[in-house]
Every structure is written in structure tokens, then in C-alpha cells.
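Subject: Handover of a predicted protein model

Dear colleague,

Please find below the structure that I am handing over to you.

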Amino acid sequence: MRRATSTIIIAGLVLAFCLAGCGKKTETANAQQQQTQNSGLPEGIMPVDQAQDAPIWTMQNLKGADVTLADFKGKVVVLDFWDTWCPPCRAEIPGFIELQDEYKDKGVVFVGAALGREGPDKVASFAENQGMNYPVVLATAEVVNMYGPITGIPTKFIIDRDGKVRARFVGGMPKAAMEEKIKALL
């Protein structure tokens, strides 16, 4: 009986940890979000005059090649911090795939920056199984810090054609809502 109770408690703690790491905000996360807002990256769409230059990044794709923000100069970039174990991250990927197909010729590119907690091999197999048709890179601590603090995933940044961060969104986003945000910048 005592062993079963211990197992239930441990399972509950693991579940709570996973939920907290996937977007449920805690008091600390709220404080970090306030710090992010104070740094000029509030959640939602930012007016042009309040947009900031996007931090310049280089991350490696799943084949080990460097991918940089400069590779997408002149395009609207949706930089999505996500991971394979995160349910809201997984739920929005099919919509991103559809939007990438629909808007790639109009100058939009999604970039999936995987945190890769389960390892790069898991990210690669997940991306292949999902048919992710946009660049998937492995996020580095440096890039996460440049865009952070990131308090939960998924967290998305929309960077306009001029390289300015115009939006930040924490949590899952339906396809229609993302499409609306993209259209506003085209």
C-alpha cells in the first residue's frame, strides 16, 4: 500500500512538472513574463513604432547545417519555440504545415526551434513523421535567452520583412488566429 501511494505521488509530480513546462504559468513564470514585457517583448501584436530588431541567431538544422535569421531576409518569419513532448506544440503543427504551404510563395516562412529535451534524433523522427515542411532547427540556450525568458512552450515570435519582432505569443494558437496575424504583416 505504501509503495503504491509513493508511486502515485511520484507520477503526480512528474505530470505536474510536464504541465508546468508546457505552458501552465506559475508565480515565477508570471514574474518572468513581466520581466519580458518590461524588456519590450510583450505578448501580442506590437505597433510598428514599438517593434524591436529581432535578435540575430544561428542554429543548426536536423542535418547539422547552420541556419540563420539572415537566410530569411525580406520574409515574414514565424519563429516557434516548441518540443516533441508538448501537447499544445504538437496540436498546432498541422496548422503551421498548412500555412507554410499556403503562404511560402507570399514571403512567409515558419521556423520550428525545437528545444530537443528528448534529443535531436527524437526531433528528427517527429518532424519527418509529421511531414513538417518548414525548417526545423535545434534551439540553443543562447538563442532562448536572446528571445526570453521563454516561460512556456510553445512560444512564437513573428518577425516582419524588415527584421523587427512584431508579435510574441505564448501557448497554442489555432491556425485561423495565426493566419490573421500573418496576413496583417503581408
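Residues are numbered from 1 along each chain as its sequence is written, and side-chain values use heavy atoms, with hydrogens and water left out.

The chain as a whole

The protein chain has six helices and nine strands. Helices (H or I, at least four residues) and strands (E, at least two) are DSSP runs, numbered from the N terminus. Of the 186 residues in the protein chain, 44% count as buried. Here, buried means under 20% relative accessible area, exposed means over 50%, and partly exposed lies in between (1.4 Å probe, protein chains only). Contact means heavy atoms within 4.5 Å. Among contacts in the protein chain between residues at least 6 apart in sequence, 72% join residues at least 24 apart.

Helix α3 and its partner α6

Helix α3 covers residues 87-103 and helix α6 covers residues 175-185. The two pack at an angle of about 35°, and their axes are 10 Å apart. Axes are lines fitted to C-alpha atoms, for helices over the stretch in contact, and angles run from 0 to 180 degrees between N-to-C directions. The crossing of α3 and α6 is right-handed. A crossing is right-handed if the near helix is turned clockwise from the far one by less than a right angle, and left-handed if anticlockwise. On the α3 side, the contact is made by G95, F96, E98, L99, E102 and Y103; on the α6 side, it is made by K175, M178, E179, I182 and K183. By class, this contact has five nonpolar, one polar and five charged residues. Ala, Val, Leu, Ile, Met, Phe, Trp, Tyr, Cys and Pro count as nonpolar, Asp, Glu, Lys and Arg as charged, and the others, Gly among them, as polar.

The 17 residues of α3 should span 24 Å, and the end C-alpha atoms are 25 Å apart, which agrees. A kink of about 30° lies at I93 in α3, shortly before the proline P94. The bend at a residue is the angle between axes fitted to the seven residues ending there and the seven starting there.

Which residues of α3 are buried? They are C89, E92, I93, G95, F96, I97, L99, Q100 and Y103. The elements that cover them include β5 (76-82), β6 (108-114), α4 (120-130), β8 (155-159) and α6.

Single residues

E92 lies in helix α3 and counts as buried because its relative accessibility is 4%. Leaving aside neighbours within four places in sequence, E92 is in contact with D80, P154, K156, G171, G172 and M173. The peptide bond from I153 to P154 is cis, with omega near 0°.

W82 is placed in strand β5 and is buried, at 0% relative accessibility. Not counting residues up to four places away in sequence, W82 touches several residues, among them C89, I93, A114, F126 and I153. W82 and A114 are 32 residues apart in sequence and 5.0 Å apart in space, C-alpha to C-alpha.

A127 belongs to helix α4 and is buried, at 7% relative accessibility. Not counting residues up to four places away in sequence, A127 touches L62, M132 and V136. From A127 to I93 the separation is 34 residues in sequence and 9.6 Å in space, C-alpha to C-alpha.

V67 lies in strand β4 (residues 66-68) and is buried, with a relative accessible area of 9%. Leaving aside neighbours within four places in sequence, V67 is in contact with W57, T58, M59, N61, F72 and V137.

F157 lies in strand β8 and is buried, with a relative accessible area of 0%. The C-alpha atoms of F157 and V111, 46 residues apart along the chain, are separated by 10.0 Å.

Yours sincerely,
A colleague

Methods:
This is a predicted model: local features need pLDDT of at least 70, side-chain atom pairs count only at pLDDT 80 or more; totals for chains, interfaces and linings use all residues. The expected span of a helix is 1.5 Å times one less than its number of residues.
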